[in-house]
Amino acid sequence: MKYNIVKKENDLIDLSIELNKEEWTNAMEKAYEQNKGKYEVQGFRKGKAPRKAIENAYGSMIFVDDAIDAVYKEHYLAIITKEKLYPVSSPSMALDKFDETGFKMTLTFQNRPTVELGDYTGLEIKGKKASVKKKDIDEYIQNMANRNARKVEVTDRAVQNGDIANINFSGSVDGKKFDGGTAENYELEIGSHSFIEGFEEQLVGMQIGEEKAINVTFPADYHSKELAGKPSVFDVKINKIFVKEQPVIDDKWASMVSEFETLEDFRKDVEKNLQEQAQKQVDTENMNKLIDAIVAKSKFKVPDCMIEDEIDFILNDFERKLSMQGMKLDDYLKYAKKTMQEIRDEQKSIAKANCGIRLVLENIIEKQKIKVTDKQVDAKIEEIAKMYGLNTEDMKKNIGEQDLSYIKNEILMDKLIAFLKENNKIIQ
């Protein structure tokens, strides 16, 4: 097998792979042996027909595609690895020759763009400083107290703002009930604005057992097109009224919701945890600022194919998150009144920036010869196993290639971040 690499403008690569007569004959014969069981030929048991008989029955080209595919799989990855090429697009294939004298194909692909790194060490970046204020601690503790509030039933008055009203309701538009518009014993916090604007306000003043027709209008941008902008009537009945009884925030409460005996010790622990969270967030923001500065000092051109692939990745992740909320991407597009192309265009600048960051960081990793060792991978797997209470050896045996790749990349990025931190200064 012979191959030749031609480097063209804008990092395009032509990779030609050529087989002589004997090599191509062997490739065709191998394709026949691997695929002959798929074909039936009269007079022969399935899988036993000679190659010539199958070619006469199904056409002389029947094994050519399989042979080409085998040549591609056998040689393409080996060549780009040996020559340190980094394709960022799937190769297009041109068949230059395939006959009894041999075979030749040319694979054209976009190689990773050349990056001219700017300064990535010795930089000084003005970053943020993590801080936790008294009001942050108060807010955290108050929210915790809210979650621990008791519901107490009220029987001697009408609905007030802030109450939890247990209601039955049945909605209709143009005199017809609609899906999702009817419920019994539904608990609604008055003032939460979780219902259509104007609905909760009209419950205020209603007595237990009282029934009332409430008139509201669905928002013009409501997610259901059939209801958007339309007036509706809800028949509502008040079943029960509850109020939230807030706990007294004192030493007794602190000992019930934490491992600490006093509120003061609990506050100190909350402050410590909030400070750690704030520090992690600030560290991430500061590192992103440093990386942005490094990227800005580097020169490169991101090819369109990389940007389009990154947009695909962003939208696939977005679609996954939508599905977790029970929504499809098509429904989102209708709700947002946008086309898929408009959404793709909106993500283009973000995708381009992501690609630029990746290109620059990959080049720094290569230039600094930052590598991941098997020992580091084993240590990381052991750390993960302990975190989830799993047996380390069992986890090593069962871990998939995708998960292993993720672990290696995480270690690599941790080492890169450590290098950038050590060799640059973030002033806080």
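**Charges over rings**

I started with arginine 112, which lies over the face of tyrosine 86, 4.2 Å from the ring centre. My rule for a charge over a ring: NZ of Lys or CZ of Arg within 6 Å of the ring centre and within 35 degrees of the ring normal. Lysine 151 turned up too, with its charged end over the ring of phenylalanine 242 and 4.8 Å from the centre of that ring.

Some housekeeping before going on. This is a predicted model, where local features need pLDDT of at least 70 and side-chain atom pairs count only at pLDDT 80 or more, while totals for chains, interfaces and linings use all residues. Residues are numbered from 1 along each chain as its sequence is written, and side-chain values use heavy atoms, leaving out hydrogens and water.

**Aromatic pairs**

How many aromatic pairs does the structure hold? I got 19. Rings of Phe, Tyr and Trp (its six-membered ring) pair if their centres lie within 6.5 Å; planes under 30 degrees apart count as stacked, over 60 as edge-to-face and the rest as tilted. I picked out tyrosine 39 and tyrosine 58: their ring centres are 5.0 Å apart and their planes stand at 55°, so I put the pair down as tilted. Tyrosine 39 is in the loop between α1 (21-35) and α2 (51-58), and tyrosine 58 is in helix α2, so this pair ties together parts 19 residues apart in sequence.

Buried means under 20% relative accessible area, exposed over 50%, and partly exposed in between (1.4 Å probe, protein chains only).

I also noted a cluster linked by ring pairs: Phe169, Phe178, Tyr186, Phe195, Phe199, Phe218, Tyr222 and Phe234.

**Salt bridges**

Searching the whole structure, I found 28 salt bridges (a side-chain nitrogen of Lys or Arg within 4 Å of a carboxyl oxygen of Asp or Glu). In one of them, glutamate 285 meets lysine 128 at 3.0 Å, N to O. This pair links distant parts of the chain, with glutamate 285 in helix α6 (residues 263-296) and lysine 128 in the loop between β5 and α4 (134-147), 157 residues apart. Glutamate 285 is partly exposed at 29% relative accessibility.

I looked up two other pairs. Lysine 338 and glutamate 346 join at 2.7 Å, N to O; lysine 338 is partly exposed at 31%, and so is glutamate 346, at 40%. Aspartate 136 bridges to lysine 135, with the closest N and O atoms 3.6 Å apart. Here aspartate 136 is partly exposed at 27%, while lysine 135 is exposed at 53%.

Then came a network of salt bridges linking Glu29, Arg51 and Glu55. Glutamate 55 belongs to helix α2 and counts as buried, with 11% relative accessibility. Which residues does glutamate 55 touch, leaving aside neighbours within four places in sequence? I listed Met28, Ser60, Ile62 and Phe63, taking contact as heavy atoms within 4.5 Å.

**Glutamate 116**

I found glutamate 116 in the loop between β4 (102-110) and β5 (124-126). Not counting residues up to four places away in sequence, glutamate 116 touches Ser298 and Lys299.

**Positive phi**

Most residues other than glycine have a negative phi, so I went looking for exceptions. Aspartate 174 has phi near 55°, a positive value. Aspartate 174 sits in the loop between β7 (164-173) and β8 (176-189), and is exposed at 67%. Lysine 369 also has a positive phi, near 55°. Lysine 369 is in the loop between α9 (340-367) and α10, and is exposed at 64%.

**A nonpolar patch**

Last entry: Met387, Tyr388 and Leu390 make a nonpolar surface patch of about 380 Å². Patches take residues with over 30% relative accessible area and no salt bridge, joining like charges within 9 Å and nonpolar side chains (Val, Leu, Ile, Met, Phe, Trp, Tyr) within 5 Å. The areas come from the Shrake-Rupley method with a 1.4 Å probe; for residues, only the protein chains shown count as cover. Tyrosine 388 is in the loop between α10 (374-387) and α11 (392-398), and counts as exposed at 59%.

Technical notes. Helix = DSSP H or I, 4+ residues; strand = E, 2+ residues; numbered from the N terminus.
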